[in-house]
Amino acid sequence: MANRTEIKQNLGKMIIQKPNTNAIDIGLLPFRIPLKLWRYNNRFHKLHNKPDTFLPKAVERPVISDTAYILRSAQNMKNYLFNQGYFYAKVTDTYIVKRKKAYVTYNIQTGHNYQINSIRYNTEDTNIARIIQLTADGTALEKGKDFAFTLTADEMGRLVSVMRNNGYYKFNQDNITFVVDTMDQALFHDLEHPYRAAVNYVALKNNNKPLLDVDVNIHIGEDSSAFNRYTIGSIHVYPDFATQKDLRDSSLYSKKIEDIQYSFHHRYIHPWVLHKHIYMAPGDPFSQEDVDKTQAKLNELGIFQFIRIVPHESRATKATLDYDILLAKAKKYDFSALYELSSGSTYALGHSVGINLRNKNFLKGANLLTIGINGGIEYSYNGAQGKEFFDHFSRLTNYYGVNASIDFPKFLAPVAASLFDNSNLPHTIIGGGQNVLDRLDYFTLLNTSANFSYSWHETISKTWTLSPAFINIIRLPSKSAKFDTVLMFNEYLKNSYKENFIEGENILYTFDNSIKKHGINYFYLKLGLEEAGAVLGLVNNLVGAVNNLYGITYAEYAKFDFDARRYIAIRKSVLAFRFTGGIGIPYGSSPTLPYIKQYFSGGPYSLRGWRIRTLGPGRYIDTSIATAGNQIDRTGDIKLELNGEFRFPITMLFGNAIKMNGALFGDAGNIWLARKDPNYPDGEFEFAHLDHDIAADLGIGTRFDIASFLTLRVDLAMPVKKPYIAANSGWVFDSINFGNPTWRANNLVFNVSIGYPF
């Protein structure tokens with residue numbers, strides 16, 4: 001049985017009476033915690049007379065055993081197995097009562113499921129027969145495949161889709177019937193030679209799986225027009241549709257583009273923008289796929305409240321469909337504001353404000369203009385500082401910035417529009433911004449950025465983003481004397497924090513089959529390549545010294561990044577894994593990567609047993625660091641990281657408004673330098689020391705899913721392998737001491753954050 005696990009899980013769903021639910025439904029625990037039942041019993045005198053519809057969601061009545069449900073459950077299992085091709089399955093049960101508790105065991109003998117021997121398509125219409133023959137490669141019914149009635153349902157859906165995409169507007173499931181013949185004709189092919197037939201019979205009986213034939217009959221049915229092939233007549237588009245009166249209003253402004261009529265109250269959007277997103281044309285054969293694609297692509301413009309594509313059978317011409325495309329305007333402007341109060345790994349308290357304004361129809365071209373302003377302050381905490389509570393806090397970091405982008409739903413020059421079909425969702429994004437990071441007592445960093453990018457979908461699962469040009473100008477208008485002293489004795493930091501002009505290009509490939517897999521057992525992969533300095537280096541060589549223009553040098557480096565994720569469903573729980581990292585190699589006149597392009601490790605979205613930017617590189621440790629507020633960020637050129645989580649539901653809170661989930665997790669990884677540096681001994685990457693260099697942590701966490709809108713995450717982690725400890729390859733299990741407050745203060749890391757780590 002190839003799909004034994006899946007069948008076993010589905011059989012479990014056929015059982016009508018199930019035990020009371022667990023409070024923590026991990027599915028792997030050897031014991032049960034029926035918390036809702038306990039709450040009900042504790043308040044029995046108040047709840048036992050209430051109807052089920054009035055019971056609080058936090059309680060649950062005890063499930064009283066009823067043997068009638070056992071028979072119905074067994075029949076459900078037999079029906080399910082029959083639909084899976086096990087036509088002669090047997091289901092028996094064993095019922096035991098012990099200490100006022102009932103135990104039911106279902107014993108199932110599936111027998112052998114049938115295997116498809118042949119498939120025949122029968123129809124009197126030669127055009128339909130030809131279409132079926134040309135599209136036969138897509139069938140789910142294949143010779144030698146295990147039979148299940150779900151295959152016939154899939155084949156019925158496929159055939160209806162094929163016919164409707166080839167002009168047969170009225171073709172539906174009523175025009176298809178299946179006949180399954182379990183009589184193995186091979187047993188009777190040699191009846192005039194009884195001895196030879198007996199040998200054939202014995203040989204076939206020894207085969208593990210019996211055979212069946214499937215006949216697919218396609219008939220005209222009650223509607224004689226089901227076999228008529230329809231074409232498209234007229235198409236009329238109403239971009240700012242208001243009421244049904246618009247369909248008869250001759251005063252609307254009209255414009256015709258390639259036989260498609262556009263009628264406006266006001267010129268809300270350029271007609272050509274809509275025209276490029278309509279995949280139907282007068283005179284074309286009807287295709288449901290083209291109708292659906294038109295609906296989807298118009299919706300993706302994001303400027304319509306609703307979209308209706310209404311067909312009408314033409315009164316003048318037989319087997320012709322006229323279409324009205326009704327588009328109701330959405331609000332042009334969208335404003336949002338966000339205030340966030342947080343606690344992080346490198347700061348005790350932080351608050352930030354973000355304001356975003358979006359124009360969803362900029363320049364009447366369905367272009368999305370976004371302008372965002374953000375800012376925040378982070379505070380460090382020192383209990384020995386000051387007398388009052390608020391005196392213990394001191395400002396650590398200020399940050400603020402403004403960013404803007406325009407997203408065009410098409411490719412702009414120099415890429416020719418003919419290279420890509422509009423169905424690939426081509427986009428051009430132009431953006432820029434100015435951001436300031438003021439690290440008090442150290443430096444003020446200004447990052448001026450600009451980018452020009454193309455984005456498109458190769459398939460529903462594959463997406464590409466190409467940036468032929470991006471720019472970052474890094475400046476440090478002020479540095480403290482303390483920071484200058486640090487840089488004076490640390491060449492790596494000095495090169496990392498120097499002012500830089502970054503001009504480069506990158507390409508990003510993303511594979512995500514979560515939609516195809518319906519969010520179950522899916523895979524995610526992101527690969528990125530980035531290069532900077534090659535164009536400026538060429539210009540520098542051709543036209544002279546550019547590398548000190550305005551006193552800012554340009555960066556030269558190449559980077560490769562990857563992020564692979566796998567999600568595996570186990571009952572109501574999920575196993576999630578991530579393997580991520582990257583490598584950046586500086587070259588030419590750049591001894592290090594620019595600070596904003598370097599890698600770091602630790603924090604709520606990385607190795608949660610370490611505070612953000614406090615791990616690495618390699619086995620390096622700075623014993624002079626006294627507090628997190630005085631720390632210089634740890635960064636590197638190479639990063640490897642592996643994360644794993646077991647996510648499971650716990651309970652529902654506040655009338656099911658908040659879903660509480662739990663997680664057990666482990667993280668491993670580190671960052672490294674690409675080149676040896678005397679300021680960071682043992683910080684460079686070496687395969688010989690890779691096993692020792694890897695840091696690891698373990699932890700537990702809770703996730704509060706608030707109305708399926710916001711997920712608040714709380715994680716508690718501790719390091720279990722410290723690469724900077726020489727003994728025992730860095731493993732520190734033997735030093736774990738939860739009862740020691742000093743150990744807890746130095747090893748338990750508490751993270752509060754928004755969203756899942758991956």
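These legends accompany close-up views of a predicted model.

**View 1. The whole chain, for orientation.** The chain has 758 residues, and 41% of them count as buried. Its secondary structure consists of 14 helices and 27 strands. The accessible surface is about 41,200 Å², with 58% of that area belonging to carbon and sulfur atoms. Among contacts with a separation of 6 or more, 64% are between residues 24 or more positions apart. The structure also holds 21 salt bridges, and some of them are shown in the views below.

**View 2. The salt bridge between R120 and D215.** The closest N and O atoms of R120 and D215 are 2.8 Å apart. R120 belongs to strand β3 (residues 115–122) and D215 to strand β5 (residues 211–218), so this pair ties together parts that are 95 residues apart in sequence. The two partners can be described by their accessibility. R120 is partly exposed, at 37% relative accessibility, whereas D215 is buried, with a relative accessible area of 12%.

**View 3. The salt bridge between E645 and R608.** Here the N to O distance is 2.6 Å. E645 sits in strand β23 (residues 638–653), while R608 is in the loop between β22 (573–586) and β23; the pair therefore ties together parts that are 37 residues apart in sequence. E645 is buried at 2% relative accessibility, and R608 is buried with a relative accessible area of 0%.

View 4. The side chains of E686 and R619 meet at 3.9 Å, N to O. E686 is found in the loop between β24 (658–672) and α13 (690–693), and R619 in the loop between β22 and β23, so parts that are 67 residues apart in sequence are tied together by this pair. E686 is partly exposed, with 30% relative accessibility, but R619 counts as buried at 17%. In one network, salt bridges that share partners join R608, E645, R647, D667, R703, R713 and D715.

**View 5. R164, a buried arginine without a salt bridge.** R164 is located in helix α6 (residues 149–164). R164 is buried but forms no salt bridge, and D292, the nearest side chain of opposite charge, is 7.4 Å away. The side chain of R164 does make a polar contact of 2.5 Å with the side chain of Q288. Beyond its neighbours within four places in sequence, R164 is in contact with Y169, K170, F171, F286, S287 and Q288.

**View 6. The largest nonpolar core.** This core has 28 residues, and V237, L274 and Y323 have the most contacts inside it. Two or more residues each come from β6 (231–238), β8 (260–264), α8 (271–275), α9 (288–300), β9 (304–313) and β10 (320–329). The largest share, 4 residues, is given by β10. Not counting residues up to four places away in sequence, V237 touches I260, Q261, Y262, S263, L274, I278, I325 and L327.

View 7. A separate core has 24 residues, including Y114, I131, L212 and A226.

Key:
Residues numbered from 1 in each chain as written. Predicted model: local features only at pLDDT ≥ 70, side-chain atom pairs only at ≥ 80, totals over all residues. Heavy atoms only, no water. Salt bridge = Lys/Arg side-chain N within 4 Å of Asp/Glu carboxyl O. Buried < 20%, exposed > 50% of the residue type's maximum accessible area, 1.4 Å probe, protein only. Lys, Arg positive; Asp, Glu negative; His and termini not counted. Polar contact = N/O pair within 3.5 Å; in protein donor to acceptor, adjacent residues only side chain to side chain. Contact = heavy atoms within 4.5 Å. Areas by Shrake-Rupley, 256 points an atom, 1.4 Å probe, with all protein chains shown as cover. Core = buried A, V, L, I, M, F, W, Y, C linked by side-chain atoms within 4.5 Å.
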